[in-house]
Amino acid sequence: MAEYDPNSLSAQLARIESRQIAIADRLDEIAERMNNHSLRLKYLEEFRWKLVGAIGLGSAGGAAAFSKLFGGE
């Protein structure tokens, strides 16, 4: 059986391949995170407009209630 040489071409290619696999996995993870980030931004934008509408309705309703209660009529 041949002695293991860490500087041989096949050993170096094996290390390069293992690093390439790790990098490819990391890139897949980053791409998935970017897709999730876009989806989160979409939901936050929708929530913002719902929140603006709810605050507007609450302000109008509160003003109407206070004018009925304390308006004197």
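Is arginine 48 buried, partly exposed or exposed, and what is its relative accessible area? Arginine 48 is partly exposed, and its relative accessible area is 41%. The model discussed here is a predicted one. The report starts with the overall form and then turns to the contacts between side chains.

**Overall form**

The protein has one helix and zero strands. Helix α1 covers residues 9-70. Along the principal axes, the C-alpha atoms fill a box of roughly 105 × 15 × 15 Å. The radius of gyration is 31 Å, whereas a compact globule of 73 residues would have a value near 11 Å.

Of the 73 residues in the protein, 1% are buried.

**Salt bridges**

How many salt bridges does a search of the whole structure find? The search finds three salt bridges. They are listed below.

| Residues | N to O distance |
|---|---|
| Glutamate 29 and arginine 26 | 2.8 Å |
| Glutamate 29 and arginine 33 | 2.9 Å |
| Glutamate 45 and arginine 48 | 3.0 Å |

Glutamate 29 and arginine 26 are three residues apart in helix α1, so about one helical turn separates them. Glutamate 29 and arginine 33 are four residues apart in helix α1, and the separation is again about one helical turn. Glutamate 45 and arginine 48 also lie in helix α1, three residues apart, which is about one turn of the helix. Salt bridges that share partners join Arg26, Glu29 and Arg33 into one network.

Glutamate 29 has a relative accessible area of 38% and is partly exposed. Arginine 26 is partly exposed because its relative accessible area is 42%, a value between the 20% limit for buried and the 50% limit for exposed. Arginine 33, at 46% relative accessibility, counts as partly exposed. In the remaining pair, glutamate 45 is partly exposed with a relative accessible area of 40%, and arginine 48 is partly exposed with 41%.

**A nonpolar patch**

Which residues make the nonpolar surface patch of about 390 Å²? The patch is made by Ile23, Leu27, Ile30 and Met34. One of these residues, isoleucine 23, is found in helix α1. Isoleucine 23 has 53% relative accessibility, so it counts as exposed; the cut-off for exposed is over 50%.

**An aromatic pair**

The count of aromatic pairs comes to one. The pair is formed by phenylalanine 66 and phenylalanine 70, and it is stacked, with 5.7 Å centre to centre and 20° between the planes. A pair of aromatic rings is described by the distance of the centres and the angle of the planes. The word stacked applies here because the angle of 20° falls in the class of planes under 30 degrees apart.

Where do phenylalanine 66 and phenylalanine 70 lie? Both lie in helix α1, four residues apart, which is about one turn of the helix. Phenylalanine 66 and phenylalanine 70 are both exposed.

Conventions:
Residues are numbered from 1 along each chain as its sequence is written. This is a predicted model: local features need pLDDT of at least 70, side-chain atom pairs count only at pLDDT 80 or more; totals for chains, interfaces and linings use all residues. Side-chain values use heavy atoms; hydrogens and water are left out. Patches are made of residues with over 30% relative accessible area and no salt bridge: like charges are joined within 9 Å, nonpolar side chains (Val, Leu, Ile, Met, Phe, Trp, Tyr) within 5 Å. Accessible areas come from the Shrake-Rupley method with a 1.4 Å probe; for residues, only the protein chains shown count as cover. A salt bridge is a side-chain nitrogen of Lys or Arg within 4 Å of a carboxyl oxygen of Asp or Glu. Helices (H or I, at least four residues) and strands (E, at least two) are DSSP runs, numbered from the N terminus. Buried means under 20% relative accessible area, exposed over 50%, partly exposed in between (1.4 Å probe, protein chains only). Rings of Phe, Tyr and Trp (its six-membered ring) pair if their centres lie within 6.5 Å; planes under 30 degrees apart count as stacked, over 60 as edge-to-face and the rest as tilted. The radius of gyration is taken over C-alpha atoms; the globule rule is 2.2 Å times the number of residues to the power 0.38.
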